[in-house]
Amino acid sequence: MPESEFSRMQQEALDRMREMQRRSRTVVNPPPPEPPPPAPPVNQPSRPTLDVNNLFKNILGDGFKLDSEKALILMMLFVLYKNKADIKLLVALGYLLL
């Protein structure tokens, strides 16, 4: 076997070895994934503040005074009514509003 052919075969073996090493490195230590692009900011509409006094004043008129205790009882009445509470409990809470 001539010397030049042996050198060529040796060089090809080295090239194959380097290629296999390169492949094994990418399998063992994969490159980190690219981070996803940042999401565009979402513009949330601003919610108006709820003024309970004005709300009930508009609904019931000026003759009905609503303090914080009555507002709380009304909210409890609403929640309990939506959850199908006992009618006696709802009537009792309504009586407290008088």
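**Close-up views of a predicted model**

View 1. Residues are numbered from 1 along each chain as its sequence is written, and side-chain values use heavy atoms, with hydrogens and water left out. In H3, the residues Ala-71, Ile-73, Leu-74 and Leu-77 are buried. They cover an arc of only 160° around the axis, which puts them on the same side of H3; the arc is that of the directions from the helix axis to the C-beta atoms. Helices are DSSP runs (H or I, at least four residues), numbered from the N terminus.

**View 2. The largest nonpolar core.** Ile-73, Leu-74, Leu-77, Leu-90, Leu-93 and Leu-97 make up this core of 6 residues, a nonpolar core being a set of buried Ala, Val, Leu, Ile, Met, Phe, Trp, Tyr and Cys residues joined through side-chain atoms within 4.5 Å. The elements that give two or more residues to this core are H3 and H4, and H3 gives the most, with 3 residues.

View 3. Lys-84 lies in the loop between helix H3 (68–82) and helix H4 (87–96). Although Lys-84 is not a glycine, its phi is positive, at about 55°, and its relative accessibility of 73% makes it count as exposed.

View 4. The structure holds 4 salt bridges, each defined as a side-chain nitrogen of Lys or Arg within 4 Å of a carboxyl oxygen of Asp or Glu. One of them joins the side chains of Asp-15 and Arg-18 (3.7 Å, N to O), which are 3 residues apart in helix H1 (residues 3–28) and hence separated by about one helical turn. The side chains of Glu-19 and Arg-22 also meet in a salt bridge (2.4 Å, N to O), and Arg-23 forms another with Glu-19, the closest N and O atoms being 3.3 Å apart. Within it, Glu-19 is partly exposed at 30% relative accessible area, whereas Arg-23 is exposed at 52%.

Note on methods
Predicted model: local features only at pLDDT ≥ 70, side-chain atom pairs only at ≥ 80, totals over all residues. Buried < 20%, exposed > 50% of the residue type's maximum accessible area, 1.4 Å probe, protein only.
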